[in-house]
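Trainee: I have a structure open and would like to talk it through with you before I write my notes. Could you bring it up on your side as well?

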Amino acid sequence: MENGETQGYFAYVIRFKYKTRGLEPERGILNVEIGMRRFLQRPIQNIWKIDSRYAGSILFGLKNQFYVDETIRSMVQLKFKRMGNVIRWKKGFGSLFADVIFNNKKYSPMSMIQNPMKYLKKSDMVSLVVYSNQVYKGGNQSRVQLGVGLPEKWVLFNLVRDTFPSLQS
């Protein structure tokens with residue numbers, strides 16, 4: 001999602017948890033959490049501005065063969081980590097899966113961090129470098145500010161209330 005005011009890219013993250021009470025299983029509680037995922041837009045040229053203690057994330061939007069609408073993408077998350085003066089895909093399942101995602105093309109996390117806007121608007125595979133204050137040192141590299149506003153929370157509350165009227169007691 002692109003914000004017209006800041007020209008920043010972000011996505012809402014919504015988590016639903018439905019819990020029942022121990023002695024009253026027929027009465028449930030729906031917890032709804034809303035957050036915001038900001039995406040890196042300003043290039044990071046200095047590798048030392050990436051904290052080696054934390055892994056960063058890149059979301060890849062792949063065309064899904066099951067959707068007729070080509071604007072709908074399936075998102076896959078891969079992690080990267082700075083190891084000394086090199087940034088690599090984090091070891092494990094993600095690094096093995098990267099070859100399948102990229103169709104054997106070599107995508108380096110460093111090139112995505114150094115030029116995030118180039119990969120943000122690709123037609124075949126969009127990649128979104130998730131911005132985190134823990135991973136990136138030295139100021140906000142996203143154009144979007146932290147947090148979800150109260151108006152957005154009310155819209156979500158009303159949407160859930162109207163969608164699940166049987167949850168109201």
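Predicted model: local features only at pLDDT ≥ 70, side-chain atom pairs only at ≥ 80, totals over all residues.

Trainee: How many bridges join E4 to E7?

Mentor: Five, and the two strands run antiparallel; strands count as paired if DSSP finds at least two bridges between them.

Trainee: And what is the strand order in the open sheet?

Mentor: The four strands are ordered E6-E5-E4-E7, with antiparallel pairing. E6 and E7 each have a single partner strand, so one side of each edge strand lacks a neighbour in the sheet.

Trainee: Switching to the core, which residues touch the most other members?

Mentor: In the largest nonpolar core, which has 22 residues, they are Met112, Ile113 and Tyr136. Such a core is a set of buried Ala, Val, Leu, Ile, Met, Phe, Trp, Tyr and Cys residues joined through side-chain atoms within 4.5 Å, and buried means under 20% relative accessible area, exposed over 50% and partly exposed in between, with a 1.4 Å probe and protein chains only. Among the elements that each supply at least two residues are strand E5 (73–83) and helix H2 (109–114).

Trainee: What does Ile113 touch?

Mentor: Leaving aside residues up to four places away in sequence, Ile113 touches Leu40, Pro43, Ile44, Ile50, Phe80, Ile87, Val129 and Tyr136, contact being heavy atoms within 4.5 Å.

Trainee: How many salt bridges are there?

Mentor: There are three, taking a salt bridge as a side-chain nitrogen of Lys or Arg within 4 Å of a carboxyl oxygen of Asp or Glu. One of them joins Glu33 and Lys17 at 3.7 Å, N to O; because Glu33 lies in strand E3 and Lys17 in strand E2, the pair ties together parts that are 16 residues apart in sequence.

Trainee: And Asp51, which residue is its salt-bridge partner?

Mentor: Asp51 pairs with Arg53, with the closest N and O atoms 2.7 Å apart. Asp51 is buried at 7% relative accessible area, whereas Arg53 is exposed at 60%.

Definitions and conventions:
Residues numbered from 1 in each chain as written. Heavy atoms only, no water.
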